Amino acid sequence: MLIRILSGIIGFAALLPLIIFGGVWLQFAVALVIIIAMWEFYRAFGAIRVVHILGMGAALAHIFLIDADIFYILPMMLVVAVMACTVLRHKTNSIMDASIAVFGFFYIAVSLSTVFVMREHMYMGVFVVWLAFIAAWGCDTGAYFSGRFFGHHKLAPKLSPNKTVEGSIGGTVAATLLGAVYGFILYGQGVLDSHVQILIFALVTFVGSIAGQIGDLAASAIKRRKDIKDFGNIMPGHGGMLDRFDSIIFTAPLTFVMLTILL
């Protein structure tokens with residue numbers, strides 16, 4: 001547990017200046033997280049194939065060409081490229097490999113890129129982007145302690161034996177309260193100009209915490225299917241990059257959509 005906490009603190013310390021300053025450094029950091037997570041994801045399904053390399057190449061293009069017109073046709077280009085590869089290299093690249101390559105692009109690259117989009121292109125981006133992390137990691141922390149002290153009823157024993165209903169509820173409550181407190185702090189600093197925005201922050205973290213738990217369980221379902229404990233071991237106490245960001249994969253795009261509608 002101590003290693004997990006220390007690893008989390010170090011990760012947050014690295015994230016803080018990236019979010020504050022944004023720009024190209026955040027872009028490179030998001031790209032790095034995406035590529036490592038995609039590599040771990042593809043490796044879970046076997047050896048890395050050419051179609052997987054195409055998927056990671058498309059991911060880099062996606063994050064670095066996010067403001068270019070070509071950005072909108074990248075998914076179509078990826079589908080064409082991987083399908084062509086299954087024809088030209090059919091002995092080593094199956095249609096299943098191609099499907100996993102395309103899915104990994106949408107599942108990881110498209111979802112996590114919304115962190116950069118929120119920070120750089122959204123109203124109050126430097127402040128609102130934190131809601132995705134509060135929803136995911138605030139819920140994770142709240143669920144851990146709630147489950148440890150009050151957990152008795154298993155949430156999804158076949159997917160994640162240690163998760164409990166009590167932990168899930170506690171995590172959602174913790175994330176929602178943190179979102180509201182964060183909103184109050186920003187309101188006190190003059191960043192937010194109405195109490196309604198505080199309620200929006202609480203609502204976003206409430207819904208985001210539920211989505212984050214689904215994202216965590218979805219990743220667990222993949223791991224159980226492939227009979228692996230973690231996707232990697234790059235982060236002590238957390239596993240791989242994908243293990244640490246599996247909930248952010250769900251909370252980031254949902255936060256982006258909700259804030260686009262509500263703010």
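The model is predicted, so local features need pLDDT of at least 70 and side-chain atom pairs count only at pLDDT 80 or more, while totals for chains, interfaces and linings use all residues. Residues are numbered from 1 along each chain as its sequence is written, and side-chain values use heavy atoms, with hydrogens and water left out.

**Overall build**
- You'll find 11 helices and 2 strands in the chain; these are DSSP runs numbered from the N terminus (helices are H or I, at least four residues; strands are E, at least two).
- In sequence order, the pattern goes α-α-α-α-α-α-α-β-β-α-α-α-α.
- The radius of gyration is 19 Å, close to the 18 Å from the globule rule for 263 residues, so the chain is as compact as a globular protein of that length. That radius is taken over C-alpha atoms, and the rule is 2.2 Å times the number of residues to the power 0.38.
- Along the principal axes, the C-alpha atoms fill a box of roughly 60 × 45 × 30 Å.
- Take contacts (heavy atoms within 4.5 Å) between residues at least 6 apart in sequence: 71% of them join residues at least 24 apart.

**Surface and core**
- Of the 263 residues, 46% count as buried, meaning under 20% relative accessible area, with exposed being over 50% and partly exposed in between (1.4 Å probe, protein chains only).
- The largest nonpolar core has 65 residues, and Met38, Ile108, Phe133 and Ile248 touch the most other members. Such a core is a set of buried Ala, Val, Leu, Ile, Met, Phe, Trp, Tyr and Cys residues joined through side-chain atoms within 4.5 Å.
- Helix α5 (residues 95–121) gives the most to this core, with 13 residues.
- Setting aside residues up to four places away in sequence, Phe133 touches Leu15, Ile19, Val115, Gly138, Phe245 and Ile248.

**Two buried threonines**
- Thr251 sits in helix α11 (residues 248–262) and is buried, at 0% relative accessible area.
- The Thr251 side chain reaches the backbone oxygen of Ala132 at 3.1 Å.
- Not counting residues up to four places away in sequence, Thr251 touches Ala132, Ala135, Ala136, Gly208 and Gly212.
- Thr114 is in helix α5 and is buried too, with a relative accessible area of 11%.
- A polar atom of the Thr114 side chain lies 2.5 Å from the backbone oxygen of Ser111.
- Beyond its neighbours within four places in sequence, Thr114 is in contact with Ala252, Pro253 and Phe256.

Conventions: Polar contact = N/O pair within 3.5 Å; in protein donor to acceptor, adjacent residues only side chain to side chain.
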